Amino acid sequence: MNSYLEAVFGLRPEMRRAFIMVQDVVMVLVAVALSLVLSRSDLSFGALSMEGLVTWAGIVLISHLLFRYCGLYTTVWRFASTPDFFNILKSCAILTFVLYAVSLIVRFFQPVAGLNERQFIVFLLVSFTIISAPRLFYRFLRDGASWGILNGKADTARAKQALFVGRLGEADLIIRFTRTAQPADHSIVGIMATERGAPLGTRIQGIPVVATRPRLIDVLEDYATGSKSLDLLIFGSGAEHEIEEYSELVRVARHGDIGVVQFAGLSQVGQEGRLVLDAVEMETILRRPTVPSDIERIGAFVGGKRVLVTGGAGSIGRTLVKRSLELGAEAVLVADNSEFGIFQLSQYVDEKDHDRLTVRIVDVADRRQMTRVVTEFKPDILFHAAALKHVPLLEENWESAIQTNVFGTLVCAKVAARCGVAQFVMVSSDKAVDPTSVLGMTKRAAEQIVSALHETPAGEPGGRRAATKFIAVRFGNVFGSNGSVSTIFQAQIEAGGPVTITDRRMTRYFMTVAEAVDLVIMSAADAASRPADQDYAVYMLDMGKPVPIVEVAETMIRMAGKSPYTDIPIRFTGIRPGEKLHETLHGEDEELVELSIAKIFGLSTDVVEWPDVQAALATLQQSVKEQDKTASLAVLAGLDRAKKPRGGTPQEVIPKTAGQAT
C-alpha cells in the first residue's frame, strides 16, 4: 500500500487527479458488484451482455459527473477533515438515490428481476467505505509518524525528547506538527496539563498526560533527576501568565540540563510545517507583556527617510539603527565616539543593510564635527540616544556627565535646528523625575533644552526652524542594555556569585529594548502628525508596574538552574550615592495625558523659557570650567524648577500616582 501511495502521489497534479477519478469509478463498479453479492441477488441480464455494458457505462458516467459536481476532486486530502469525509457520504447518498430513481424508471418500461431496495442500501454503505478508505489511509499516513516510518525517513533517535507544558488543545496541535516535520526535530514524550482537573493517565494521539497541577514541579524533577531521557521542556503560548510555578519549572529544567523554549506559533502548515519555539528570556519570566507594534504607522514615518542616530553603538541606539533599516529608511548614519561599539554594530546589522548604513566616530558635544556630519548627511530624523548613564560613576565623573548629557544634547539640538532637520527625538530617562543624582539632573536639563526649543517660536534668535520639531521620550530600564541590572547579574551568576543588590526594597521599571525602541519611534510619529498647539514636548512610555530588583536577581539565578541564596548568594551592599529606592516616571507637577496610542502618554509639564535656559547653560559652562561641582549642580537643580506652565490640549487627564505610570 505504501508503494502504491508513493507512486500515485508522486505524479504531476493533473495526472494524479485523473488517476483518482478512474480509481473512484472503478470503486463504484466494485461497490455495485459487492452490493449484489452481499445481498445475494442475481440480475436477470448478464454482466457482459449489451444490457450489462450499457448499465455499467451509465453508472460510470453518472457517478463521475456527480463526484465532480460535489467537489471530490478539489479537496487536498492531506489536509482533509470531517467535513470532507461527510462530502463523500453525501455524494454516495446522492448517487444511490439517482441510481435507484433510474432503476425505477427502467423497471416501469422493462421489468428487471433481482433488483430491489436492499441492494441500494448495501451499495450506499459499500461505496462510501471503499471510496473513503484510500483517502483516509493517506490522510493517516501524512498526519502521523507512520508516514516517516513507512518511508524509512524517521530519525527519532536524533529528535529531541520533549515534555509539553500547557493546555491539552495546544498539545494536540504541537504533537501533530512534531510528527509531520521532516526531519523530526522534536518528539513529545509526555504532556504536563495546566488545566485544573485534566485527566491524568489519558492519552492524546498516543502521548500520555504525565502530570497535572499541582504536581507539575514534582514530576519534572523526576524527569530531571531520574533515568528518563529528556532534552527539552516546551511551554505553551501564554504559559508564563497562566502557571504560577512557571519560573520554578524553568529553574528545575535548567538545573537538570534540560532546554527551555516556548511555543510561539507555526511557520507553515502541513507536511512542511514547523513549530516556532522562542527562547525563554527574562522578559518572559518577569511576566511583563509586550505591546504589539503599529508597524504600518512607524513604517510610514521612517520609510524612505534619512535617519541619524547619535549614540548608535549603544544598546538603545543600535536597536534604533537596526529597526530604522528594517522599516525601510533610505539611509542611516551612526554618530558615536566608541570605536569598538561601532565595530560591534557592524556585526549586529544584517549584511544586506550595510550599503544603507554609514558610521562616524564623533563626539556629540563637538559642534564643528556634528555640524559637518548633519550638513553632509542631511537627515530627516535625528534620534539623540547618546548619553552617559551609570549613576555611581557619574557621581564621581560629573564633568563628563554634564559635557555629554547636557552640552551634547544642546549641540545636537541646535545643529538640527540650524540645518532644518524635520524631527529631533531625544531618549530620556525616569532618572530625570525629581532627580537626586548627577545622571538624573543632567537628563532633566537635557529635557528642558529640548522642551524649551520645542516651545520657542520659529524665527527667534537661537530658536528652531518651522520644519524642526523637538520632543523627548521618557522611560525606565530596558533588559539587556549596557550596564543594566540584567547584564550585571548575568555576569555575576556566571562567575558563581555573589549577586549584589544595593537594597532589598529597591524597585525599577523594565521594558524590552525592542519594545522601547518601537514606542520611541511611535512617539515621534505621533508628534510629527500633531499641530503645534496640540503636541507635547515630552512623551512618556507606560512601563507597567515596577519590579523588585531582588525578584529579578532570584529569577535570573533560577533561570541559570541554580537556587538563590544556596547555590548563588545574594548580598545587599547598601544604597550608593545618587540612587533612589523607587523611580517614578512623572513628577507631582506633571499631568499625564492619554493619547490614542497604547502604552504612550503625553506629559503636560512645565518648561523653562529658552532665554533662561541659555543663561543657565552659560553659567553652567563657567562652573564646569572652574571645576566647581557645587555650583554646577546648583545650576542643574535650578533648571529642574520650571517657570512657564505648558501643556497640549488634553483629551483625558489621568490622576497621578507616585511610582506608577498608570
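Predicted model: local features only at pLDDT ≥ 70, side-chain atom pairs only at ≥ 80, totals over all residues.
Residues count as buried under 20% relative accessible area and as exposed over 50%, with partly exposed in between.

One joins Asp350 to Lys322, with 3.4 Å between the closest N and O atoms. Asp350 sits in the loop between helix 14 (339-348) and strand 10 (357-361), while Lys322 belongs to helix 13, so this pair ties together parts of the chain 28 residues apart in sequence. The two partners fall on either side of the burial cut-off: Asp350 has a relative accessible area of 32% and is therefore partly exposed, whereas Lys322, at 18%, is buried.

Helix 13 also comes up in placing another pair. Glu330 and Arg306 meet through their side chains in a salt bridge of 3.0 Å, N to O. Here Glu330 lies in the loop that runs between helix 13 (315-326) and strand 9 (331-336), and Arg306 is in strand 8 (residues 306-310), so to speak a link between distant parts of the chain, 24 residues apart. Glu330 has 44% relative accessibility, so it counts as partly exposed; Arg306 gets the label of partly exposed too, because its value is 22%.

A further salt bridge, between the side chains of Glu583 and Arg508, has an N to O distance of 4.0 Å. It links distant parts of the chain, 75 residues apart: Glu583 is found in the loop between strand 20 (570-572) and strand 21 (591-594), and Arg508 in strand 16 (residues 507-508). Both Glu583 and Arg508 are buried.

Helix packing comes next. Helix 22 (residues 610-625) and helix 23 (residues 629-640) pack with their axes 8 Å apart, at an angle of about 165 degrees. Angles over 145 degrees count as roughly antiparallel, and helix 22 and helix 23 are therefore roughly antiparallel to each other. The crossing of helix 22 past helix 23 is left-handed. On the helix 22 side, the contact is made by Val613, Ala616, Leu617, Thr619, Leu620, Ser623 and Val624, and helix 23 brings in Ala631, Ser632, Val635, Leu636 and Leu639. Sorted by class, that contact holds nine nonpolar residues and three polar ones, with no charged residues.

Helix 19 (residues 485-494) and helix 21 (residues 549-559) cross at roughly 45 degrees, and their axes come within 10 Å. These two helices are therefore oblique to each other, and their crossing is right-handed. Helix 19 makes the contact through Val485, Ser486, Phe489, Gln490 and Ile493, and helix 21 through Ile549, Val552, Ala553, Met556 and Ile557. Eight nonpolar and two polar residues make up the contact of helix 19 with helix 21, and charged residues are absent.

Finally, there is helix 10 (residues 246-255). Seven of its ten residues are buried, so helix 10 is largely enclosed by the rest of the structure. The buried residues are Tyr246, Ser247, Leu249, Val250, Arg251, Val252 and Ala253. Just after helix 10, Asp257 adopts a positive phi of about 60 degrees.

Technical notes: Residues numbered from 1 in each chain as written. Heavy atoms only, no water. Axes fitted to C-alpha atoms, helices over the stretch in contact; angles between N-to-C directions. Helix = DSSP H or I, 4+ residues; strand = E, 2+ residues; numbered from the N terminus. Parallel < 35°, antiparallel > 145°, perpendicular 65-115°, else oblique. Left-handed = near helix turned anticlockwise from the far one by under 90°. Contact = heavy atoms within 4.5 Å. Nonpolar A, V, L, I, M, F, W, Y, C, P; charged D, E, K, R; others polar. Buried < 20%, exposed > 50% of the residue type's maximum accessible area, 1.4 Å probe, protein only.
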